[in-house]
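Have a look at the sequence and the picture, then read on.

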Amino acid sequence: MDLLNTLVDKGLRRELPTREEALAVLATSDDDLLDVVAAAGKVRRKWFGRRVKLNYLVNLKSGLCPEDCSYCSQRLGSTAGILKYTWLKPDEASQAAAAGLAGGAKRVCLVASGRGPTDRDVDRVSETIKAIKDGNEGVEVCACLGLLSDGQAERLREAGADAYNHNLNTSESTYGDITTTHTYADRVDTVNKAHAAGLSACSGLIAGMGESDEDLVDVVYALRELDPDSVPVNFLIPFEGTPLAKEWNLTPQRCLRILAMVRFVCPDVEVRIAGGREVHLRTLQPLALHLANSIFLGDYLTSEGQAGKADLEMIADAGFEVEGADEVTLPEHRANAAGAGCGSHGTAGCGSHEGAGCGSHADGGVCGTAAAPATEPRTDLVAVRRRGAGTDLAPNA
């Protein structure tokens, strides 16, 4: 297929595909799916070999959020039966992180619900970062605390944070349909603050919220423009009790197309399969490892994930290996370019960020329309987390 040959050549050169090419990936048929995975896999192996980076989430503060993000079980007005608790103490968070690190995680992601941290919250997280790093040499710590105020990113960097996560989630044109209590521009500003402070920026998207292919491509191209080092790809978990509970728009095949499109647009960045992989990729999860080079181990913030042991077995059975603590995740040209992000913005770039493609949908829908559900909703796969952080039960790692 000429399209895939062109995309592989561009990916190996770190050249940005055209929007039409990105949309065409999303429009490919199920008959061509393995060809798409194989092509994107060549690009993935060029820049990351067969390594898979493991990340582990610690939910420092769960629920009780004043923001109205429609996809979130912790949102204002959510009736989802999730765990709700206030800030974990540094030793509690460090103990929670230890389980993931023992399972092979290289990065600990510290997340707290809310619009953004107060200065006292930054102090709390700074103490937690120190507690984790004191007992685990070489561990990476990423903070995800919401919208940052001036000076807060610098304080987190001084405390030892390596990265900051703040996702764009969807395209600028549709952002107001998903959230009204803050803006798309607010999110861009926080990613830029992280960059400016010398933190490794982490920013990604959520697929499956009823967006069009154009929206998907728009957000991925916007992400390339923002130039984060890592791009997490979340697949909506439709929690009962949230406005998007009925949005079951994804099939395993569409998820693979989305991951392939992100890889072609951002060939040399850490592409991470994040929330919802078990719900939507299901038995095709191993194929996704040919596209992404990073996953979360075990459970997520408010939902249960695949058992950590099963994650490790899946990686080994698929012929991949867990990235070691002494290995550098990013390709040399990115790792050595402090603050350079995900690639330069000309023909050498890693693709603009945000990309929500405009290609047609997995069910044959027309470009520009939202994907219609192709399978029955798998509500049985959505399980609220009842173990790990905030409980007395052992975590799933």
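First, some ground rules. This is a predicted model, in which local features need pLDDT of at least 70 and side-chain atom pairs count only at pLDDT 80 or more, while totals for chains, interfaces and linings use all residues. Residues are numbered from 1 along each chain as its sequence is written, and side-chain values use heavy atoms, with hydrogens and water left out.

Let's begin with two helices. Helices here are DSSP runs of H or I with at least four residues, strands are runs of E with at least two, and both are numbered from the N terminus. Helix α1 (residues 2–13) packs against helix α3 (residues 33–48) at an angle of about 10°, and their axes are 9 Å apart. Those axes are lines fitted to C-alpha atoms over the stretch in contact, and angles run from 0 to 180 degrees between N-to-C directions. α1 and α3 are therefore roughly parallel to each other (angles under 35 degrees count as such). On the α1 side, the contact (heavy atoms within 4.5 Å) is made by L4, L7, V8, G11 and L12. From α3 come D35, V36, A39, K42, V43, K46 and W47. Sorted by type, these residues are eight nonpolar, one polar and three charged. In that sorting, Ala, Val, Leu, Ile, Met, Phe, Trp, Tyr, Cys and Pro count as nonpolar, Asp, Glu, Lys and Arg as charged, and the others, Gly among them, as polar.

Now for the inside. In soluble globular proteins, nonpolar side chains tend to be buried together. A nonpolar core is a set of buried Ala, Val, Leu, Ile, Met, Phe, Trp, Tyr and Cys residues joined through side-chain atoms within 4.5 Å, and buried means under 20% relative accessible area (1.4 Å probe, protein chains only). The largest such core has 93 residues, and V58, L110, L156, L205, F235, L259 and M261 touch the most other members. Helix α10 (residues 252–265) gives the most to this core, with nine residues. Another core, of nine residues, lies apart from it and includes C109, V111, C142 and A163.

| Pair | Apart in sequence | C-alpha separation |
|---|---|---|
| L54 and G104 | 50 residues | 6.6 Å |
| V52 and I315 | 263 residues | 7.6 Å |

L54 is buried, at 0% relative accessible area, and V52 is buried at 0% as well.

How many disulfides turn up in the whole structure? The search finds zero, a disulfide being a pair of cysteine sulfur atoms within 2.5 Å. For C69, the closest cysteine sulfur is in C72, 6.3 Å away and too far for a bond. C69 counts as buried at 7% relative accessibility, and C266 counts as buried at 1%.

Finally, the backbone. Most residues other than glycine have a negative phi. R14, in the loop between α1 and α2 (19–26), has a positive phi near 60°. N169 is not a glycine either, yet has a positive phi of about 75°. N169 sits in the loop between β4 (163–165) and α7 (175–178) and is buried, with a relative accessible area of 4%.

Conventions:
Parallel < 35°, antiparallel > 145°, perpendicular 65-115°, else oblique. Buried < 20%, exposed > 50% of the residue type's maximum accessible area, 1.4 Å probe, protein only.
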